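Work through the exercises below with the sequence and the coordinates open. Each task is followed by a solution in steps.

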Amino acid sequence: NNEFAPDLITLIDDEGNEHSFEILDTIEHEDSEYYALYPFYENPEDSVNDAGEYYIMEAIINDNGEEEFAEIDDDYLAEKFEANFEKLFDDEDEI
């Protein structure tokens, strides 16, 4: 219950591998929610060696009513959300 701990999520890829991500922020758009996710590593050394890129994923509800995350196929939307997230990150850095 540490309020300063990162908000983490674990996703499972198509091959069954688990990947942990820190949720950087979310944006709601037309009844969908989009997440900015940054890879999370238990070992700080692995984090230093990471490329430093974050991913923008859409949260969708599958046929079983479970939440899944999917990459954004629409390049225009992907660029729009990237610009929105970058603005949010810049605004947070100014505080």
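This is a predicted model: local features need pLDDT of at least 70, side-chain atom pairs count only at pLDDT 80 or more; totals for chains, interfaces and linings use all residues.

## Exercise 1: Either side of the loop

Task: State which strands hold Glu-28 and Ser-32, and say how far the C-alpha atom of each is from that of Glu-58.

Solution. Start with Glu-28, which belongs to strand E2. Its relative accessibility is 67%, so Glu-28 counts as exposed. Along the chain, Glu-28 and Glu-58 are 30 residues apart, and their C-alpha atoms are separated by 9.7 Å.

Then turn to Ser-32, placed in strand E3 (residues 32–39). Ser-32 counts as buried because its relative accessibility is 18%, and the cut-off for buried is under 20%. Ser-32 and Glu-58 are 26 residues apart in sequence, with a C-alpha to C-alpha distance of 7.1 Å.

## Exercise 2: The side chain of Asn-62

Task: Locate Asn-62, classify Asn-62 as buried or exposed, and find what the side chain of Asn-62 reaches.

Solution. First, the location: Asn-62 sits in the loop between strand E4 (55–61) and strand E5 (67–71). Second, the class: a relative accessibility of 16% is why Asn-62 counts as buried. Third, the contacts: the Asn-62 side chain reaches the backbone nitrogen of Asn-64 at 2.9 Å. The side chain of Asn-62 also makes a polar contact with the side chain of Glu-68, at 2.8 Å.

## Exercise 3: A charged patch

Task: List the residues that gather in the patch of negative charge on the surface, and name the element from which the largest share of the negative patch comes.

Solution. The patch of negative charge on the surface gathers Glu-71, Asp-73, Asp-74, Asp-75, Glu-79, Glu-82, Glu-86 and Asp-90. Helix H2 (residues 75–93) supplies the largest share of this patch, 5 residues. Asp-75 counts as exposed because its relative accessibility is 57%.

## Exercise 4: The whole chain

Task: How many helices and strands are in the chain, what pattern does the chain follow along the sequence, and what percentage of the residues count as buried?

Solution. Count the elements: the chain has 2 helices and 5 strands. Read along the sequence, these follow the pattern β-β-β-α-β-β-α. For burial, 26% of the 95 residues of the chain count as buried. Ser-32, at 18% relative accessibility, counts as buried, and Asn-62, at 16%, counts as buried as well.

How values were computed. Residues are numbered from 1 along each chain as its sequence is written. Side-chain values use heavy atoms; hydrogens and water are left out. Helices (H or I, at least four residues) and strands (E, at least two) are DSSP runs, numbered from the N terminus. Buried means under 20% relative accessible area, exposed over 50%, partly exposed in between (1.4 Å probe, protein chains only). A polar contact is a pair of N or O atoms within 3.5 Å; within protein, one must be able to donate a hydrogen and the other to accept it, and residues adjacent in sequence count only if both atoms are side-chain atoms. Patches are made of residues with over 30% relative accessible area and no salt bridge: like charges are joined within 9 Å, nonpolar side chains (Val, Leu, Ile, Met, Phe, Trp, Tyr) within 5 Å. Accessible areas come from the Shrake-Rupley method with a 1.4 Å probe; for residues, only the protein chains shown count as cover. A salt bridge is a side-chain nitrogen of Lys or Arg within 4 Å of a carboxyl oxygen of Asp or Glu. Lys and Arg count as positive and Asp and Glu as negative; His and the chain ends are not counted. The place of a charge is taken as NZ of Lys, CZ of Arg, CG of Asp or CD of Glu.
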